[in-house]
Amino acid sequence: MNPLTNVKNIKKLGEQELVSNRSISWHDQYGDSAWIFIGGLPYDLTEGDVITVFSQYGEVVNINLIRDKNTGKQKGYGFLCYENQKSTVLAVDNLNGIKILGRIIRVDHVANYKAPKDSKNVDEETKRLRKEGCAPKNI
């Protein structure tokens, strides 16, 4: 599906939720995941740039911008994890469809994030987050 169509579909879900009398949100099905997908990013943004934009809705604890293995250049999409799952709802509702450096980005929930395979250059904290995840723990 076209990325811009996905952006429009996510916006429609939010608009339908506003006018309906349902007590359950479409966001609730992602209650166990604090990860979001970000697509359509300008290629020259760094992890720090993306964190700066997305940190306005919560504490960012992990980011994985997908890069070309040979060149190391960003591919324009990635995944971000918040400390609090409620931040994902705010980010999806408020940042999906905005323009960053002339490009419309897509922001959506991720139900089951699969961390990339470990490489030799990964620090211990990142390994721990990839193993345990960063979603809220049920007590």
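**Entry 1: terms and model**

I begin with a definition: two strands count as paired if DSSP finds at least two bridges between them. The model I am reading is predicted.

**Entry 2: the chain as a whole**

I first looked up the elements and found four helices and six strands in the chain. Read from the N terminus on, they follow the order α-β-α-β-β-α-β-β-β-α. I then noted that buried residues make up 37% of the 139 residues in the chain. The chain exposes about 9,100 Å², and carbon and sulfur atoms supply 50% of that area. Of the contacts between residues at least 6 apart in sequence, 64% join residues at least 24 apart.

**Entry 3: the sheet**

In which order do the four strands of the open sheet stand? I read the order as β2-β3-β1-β6, with antiparallel pairing. The edge strands are β2 (60-67) and β6 (106-109), each of which pairs on one side only. On average, neighbouring strands of this sheet are turned by 20° against each other, direction ignored. As background, I recorded that the strands of a sheet pair through backbone hydrogen bonds, either parallel or antiparallel.

**Entry 4: strand β3 and its partners**

I next followed strand β3, residues 74-82, which is joined to β2 by six bridges and runs antiparallel to it. I looked up individual partners in this pairing. Ile63 has Leu80 in β3 as its bridge partner, Asn62 has Cys81, and Leu65 has Gly78. The hairpin of β2 and β3 has six residues between the strands, and in this hairpin Gly72 takes a positive phi near 80°.

I then turned to β1, which five bridges join to β3, again antiparallel. In this case, the residue of β3 that partners Phe37 is Phe79.

Are β3 and β2 mostly covered or mostly uncovered? I found β3 mostly covered, with seven of its nine residues buried. Strand β2 is also mostly covered, with six of its eight residues buried.

**Entry 5: helices across the sheet**

I looked up which helices lie across these strands. Helix α2, residues 47-54, lies across β1 (35-39), β2, β3 and β6, and runs at about 135° to β2. Helix α3, residues 86-95, lies across β1, β3 and β6, and runs at about 150° to β6.

**Entry 6: aromatic rings**

I searched the whole structure for aromatic pairs and found four. One of them is formed by Phe79 and Tyr113, whose ring centres are 5.2 Å apart and whose planes stand at 55°, so I recorded the pair as tilted. The cut-offs behind this reading are that planes under 30 degrees apart count as stacked and planes over 60 as edge-to-face.

Where do Phe79 and Tyr113 lie? Phe79 is in strand β3 and Tyr113 is in the loop between β6 and α4 (124-132), so the pair ties together parts that are 34 residues apart in sequence. I checked the cover of both residues. Phe79 has a relative accessible area of 18% and is therefore buried, and Tyr113 is buried with a relative accessible area of 18%. The cut-off for buried is under 20%.

I also noted that ring pairs link Trp35, Phe37, Tyr77, Phe79 and Tyr113 into a cluster.

**Entry 7: Asn96**

Is Asn96 buried or exposed? I found Asn96 to be buried, because its relative accessible area is 1%.

Which residues does Asn96 touch, not counting residues up to four places away in sequence? I listed Val7, Ile10, Lys11, Ala91, Ile105, Arg106 and Val107. For Val107 I noted a polar detail as well: a polar atom of the Asn96 side chain lies 3.0 Å from the backbone nitrogen of Val107.

Key: Residues numbered from 1 in each chain as written. Predicted model: local features only at pLDDT ≥ 70, side-chain atom pairs only at ≥ 80, totals over all residues. Heavy atoms only, no water. Helix = DSSP H or I, 4+ residues; strand = E, 2+ residues; numbered from the N terminus. Axes fitted to C-alpha atoms, helices over the stretch in contact; angles between N-to-C directions. Contact = heavy atoms within 4.5 Å. Buried < 20%, exposed > 50% of the residue type's maximum accessible area, 1.4 Å probe, protein only. Polar contact = N/O pair within 3.5 Å; in protein donor to acceptor, adjacent residues only side chain to side chain. Areas by Shrake-Rupley, 256 points an atom, 1.4 Å probe, with all protein chains shown as cover. Phe/Tyr/Trp six-rings, centres within 6.5 Å; stacked < 30°, edge-to-face > 60°.
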